[in-house]
Amino acid sequence: MTDLLTGPDTVAQERRLVTELPGPRSRELAARRAGAVTSAVGSVLPVYVERGSGGVVVDVDGNSFIDLGSGIAVTNVGHASPEVVAAVQAQVAAFTHTCFMVGPYEGYVAVAEELNRLTPGDHEKRSALFNTGAEAVENAVKVARVATGRSAVVVFDHAYHGRTNLTMALTAKNMPYKHGFGPFAGEVYRVPMSYPFRDEAGMTGEQAAARAFDLIETQIGAANVAAVLIEPIQGEGGFVVPAPGFLPALTDWCRRSGAVFIADEVQTGFCRTGAWFASEHEQVVPDLIATAKGIAGGMPLAGVTGRAELMDAVHTGGLGGTYGGNPVACAAALATIRTMREHDLNAAARAIEATMLPRLHALAERTGVVGDVRGRGAMLAVELVEPGTTKPDAALTNAISKACHAEGVITLTAGTHSNVLRFLPPLVIGQDLLTEGLDVLDAVFDAHAGK
């Protein structure tokens, strides 16, 4: 996919370590940070980034890293995508802000039109734009509550939906996302997720859904449920892919009960899983869909798209925000979507899966510390366990991830038990670069597994 990386300032697509890590300039910045930035904000890498292009990130000391994280599934079109850069530059020169609620502009409307076209289903849709995934999820819940006149929201074990008060309530994991921040918003109810690796052997998606329905109907009451909210593939929860049939069963239950089915596609959307949206893999059509991350090539933008009668049920002025649908972010989104379409990044994601899955399965067979390999497209993960058990091994996961960083490969961890190593490479990453990243991963596992 090197045709996406052209331009006078393109960074060489290579891994190159020229100093110790962190290097001297990164250490200087870390010292400044300690005196200026709250310690409550953490960072995965010990280095400070200066620039990036395609599948590579370069730090302030000149070290080049293979990026298998994409800023948590954001830079799907690669770092500094030329089309996105050009669109942002042109928009900045025109105007940077009016607030759509004050002086509207075409970019917002054009992004809404694209979302209405791209999201699953051929029904009439409407969209609203925001800044972050958490905002999108929170506003989707607002829409569902107004449209149904109900208050209860059903979410799932291992879910992650954001860091606002409501979305912390929706999120399952305590540390670091919820600890000490309560009390949280009410009328949120959690039920079991379909988690094939940890469910009873042979449990089908339909059976896992029935388990959830029993709790909903007996402990909440179907008539009280405004929305069922789920990530089609869980993100921070460990890239959990529900068993086939689970998601369709949930949508069917929502139709029968009058609840709104909300798909949180913040991490899974925009070609990440080999389809525009992960819901498409089982032909699921959400009533509302929340998007962000990969939508705008790194600019802050999010959206809620859904059935027109639901979205229009909210009173005028009920949705919005000062920066929601910022014109620069909208320009970036239009360029990002155009790049994805013109270069078929869904096919690119599937090609990444075809390269990575066999390597990850071989790794699992060789090392004995990988309990599960899972994911779709360029959203893949391995769950690490103590050999011969299903007991999570968070310490090994952390050690392997840090060792990859030391070798110039950016990896991320996830999971309720912090024992999942997840991979989110830019969809434009070159084959040679991806293969080299996997070679490093193999070597790190060989050095650490069993220790």
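The following legends describe close-up views of a predicted model.

In this predicted model, local features require a pLDDT of at least 70 and side-chain atom pairs count only at pLDDT 80 or more, whereas totals for chains, interfaces and linings use all residues. Residues are numbered from 1 along each chain as its sequence is written, and side-chain values use heavy atoms, with hydrogens and water left out.

**View 1. Helix α4 and the elements that cover its buried residues.** Helices (H or I, at least four residues) and strands (E, at least two) are DSSP runs, numbered from the N terminus. Helix α4 comprises the 13 residues 106-118. The expected span of a helix is 1.5 Å times one less than its number of residues; for α4 this gives 18 Å, and the end C-alpha atoms are 18 Å apart, which agrees. Its buried residues are Y108, A110, V111, A112, E114, L115 and L118. Buried means under 20% relative accessible area, exposed means over 50%, and partly exposed lies in between (1.4 Å probe, protein chains only). The cover over these buried residues includes β4 (125-130), β9 (288-291), β10 (302-307) and α10 (327-342).

**View 2. L118 and its contacts.** L118 belongs to helix α4 and counts as buried because its relative accessible area is 13%. Contact means heavy atoms within 4.5 Å. Leaving aside neighbours within four places in sequence, L118 is in contact with F270, W276, F277, I337 and R341. The C-alpha atoms of L118 and I337 are separated by 9.6 Å, although these residues are 219 residues apart along the chain.

**View 3. Aromatic pairs among F95, F100, Y105 and Y108.** The structure holds eight aromatic pairs. Rings of Phe, Tyr and Trp (its six-membered ring) pair if their centres lie within 6.5 Å; planes under 30 degrees apart count as stacked, over 60 as edge-to-face and the rest as tilted. One of the pairs joins F95 and Y105 edge-to-face, at 5.7 Å centre to centre and with 70° between the planes. Both residues lie in the loop between α3 (82-94) and α4, so the pair ties together parts that are ten residues apart in sequence. F95 is partly exposed at 31% relative accessibility, whereas Y105 is buried, with a relative accessible area of 10%. F100 and Y108 form a stacked pair, 3.7 Å centre to centre with 10° between the planes. Here F100 is partly exposed at 23%, and Y108 is buried at 11%. F95, F100, Y105 and Y108 form one aromatic cluster.

**View 4. Strand β4 beside strand β10.** Two strands pair if DSSP finds at least two bridges between them. Strands β4 and β10 run antiparallel and are joined by six bridges. Within this pairing, R126 stands opposite G306 in β10. Five of the six residues of β4 are buried, so this strand is largely enclosed by the rest of the structure.

View 5. Strand β2 (residues 56-59) pairs with strand β3 (residues 64-67) in the antiparallel sense over three bridges, and V57 stands opposite F65 in β3.

View 6. Most residues other than glycine have a negative phi, and most peptide bonds are trans. A cis peptide bond joins M175 and P176, with omega about 10°, and another cis bond joins G182 and P183, with omega about 5°. P176 is placed in the loop between α6 (165-170) and β6 (188-191), and P183 is likewise in the loop between α6 and β6. The charged end of K178 sits over the ring of F184, 5.4 Å from its centre; this term requires NZ of Lys or CZ of Arg to be within 6 Å of the ring centre and within 35 degrees of the ring normal. K293, in the loop between β9 and β10, has a positive phi near 40°. D344, in the loop between α10 and α11 (345-367), has a positive phi near 45°.
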